Amino acid sequence: MKRKNVILIVSALILSLSLVACGKKAEDGANTPPANQEQTQDENSTEKQDGKTNELQIFTIEELAKFNGKDGNPAYIAIDGIVYDVTDHPAWKDGGHNGFEAGQDLTEAIKNDSPYGIGKIADLTPVGALEEK
């Protein structure tokens with residue numbers, strides 16, 4: 001049941017981020033799909049812009065640690081139970097950013113020590129969720 005709750009939370013977050021992104025595109029004059037066009041998705045998947053579907057992954061804290069951005073590994077961070085890919089984000093070169101290291105749950109550090117707090121989350125790509133303890 002806990003896994004299903006995490007998946008629902010991740011899905012809701014992704015939907016929210018998608019709606020924000022669509023709103024920004026509309027403001028920029030970009031083409032948007034017709035309002036009556038529905039998309040169906042599996043509850044543990046996200047749809048990329050190219051129409052391909054990515055499965056969301058549930059990470060343990062030990063699994064997340066492998067994604068530290070070093071030695072060719074992707075760089076992932078967790079915030080509020082959601083795992084984000086920061087691999088190609090310019091601020092996260094080599095898995096580090098202003099003393100923060102990828103491969104960790106940075107919820108408290110981002111909320112308490114980052115000058116932006118969680119304000120930059122919308123710039124990140126969710127790839128999964130942390131397993132509930």
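**Chat about a predicted model**

Q: Is Thr107 buried or exposed?
A: Thr107 is buried, because its relative accessibility is 9% and the cut-off for buried is under 20%. Keep in mind that this is a predicted model.

Q: Where does Thr107 sit?
A: Thr107 is in helix H3, which covers residues 107–113.

Q: What does Thr107 touch, leaving out residues up to four places away in sequence?
A: Thr107 touches Ala78, Ile79, Asp80 and Gly81.

Q: Which backbone atom does the Thr107 side chain reach?
A: The backbone nitrogen of Asp80, at 2.8 Å. The Thr107 side chain also makes a polar contact with the side chain of Asp105, at 2.6 Å.

Q: You listed Ile79. What is Ile79 in contact with, beyond four places in sequence?
A: Ile79 is in contact with Tyr84, Asp105, Thr107, Ile110, Ile118 and Ile121.

Q: Now the cores. How many residues are in the largest nonpolar core?
A: That core has 13 residues. Ile77, Ile79, Tyr84, Val86, Trp92 and Leu106 touch the most other members.

Q: Which strands each supply at least two residues of this core?
A: Strands S4 and S5 (82–85) do.

Q: Which residues does the second core include?
A: The second core is separate and has eight residues, among them Phe59, Ala78, Val127 and Leu130.

Q: Why do nonpolar side chains end up together?
A: As a general rule, nonpolar side chains in soluble globular proteins tend to be buried together.

Q: New topic. Where is Phe67?
A: Phe67 is in the loop between helix H2 (61–65) and strand S4 (76–79).

Q: And what does Phe67 touch, not counting residues up to four places away?
A: Phe67 touches Phe59, Pro74, Ala75, Tyr76, Ala102 and Gly103. Phe67 and Gly103 are 36 residues apart along the chain, yet their C-alpha atoms are separated by 4.8 Å.

Q: What about Asp71, buried or exposed?
A: Asp71 is exposed, because its relative accessible area is 80% and the cut-off for exposed is over 50%. Asp71 lies in the loop between H2 and S4. The C-alpha atoms of Asp71 and Asp94 are separated by 8.7 Å.

Q: Last one. What is the mean pLDDT of the protein?
A: The mean pLDDT is 73, and 59% of the residues reach 70 or more.

Technical notes. Residues numbered from 1 in each chain as written. Heavy atoms only, no water. Helix = DSSP H or I, 4+ residues; strand = E, 2+ residues; numbered from the N terminus. Contact = heavy atoms within 4.5 Å. pLDDT = per-residue confidence, 0-100. Buried < 20%, exposed > 50% of the residue type's maximum accessible area, 1.4 Å probe, protein only. Polar contact = N/O pair within 3.5 Å; in protein donor to acceptor, adjacent residues only side chain to side chain. Core = buried A, V, L, I, M, F, W, Y, C linked by side-chain atoms within 4.5 Å.
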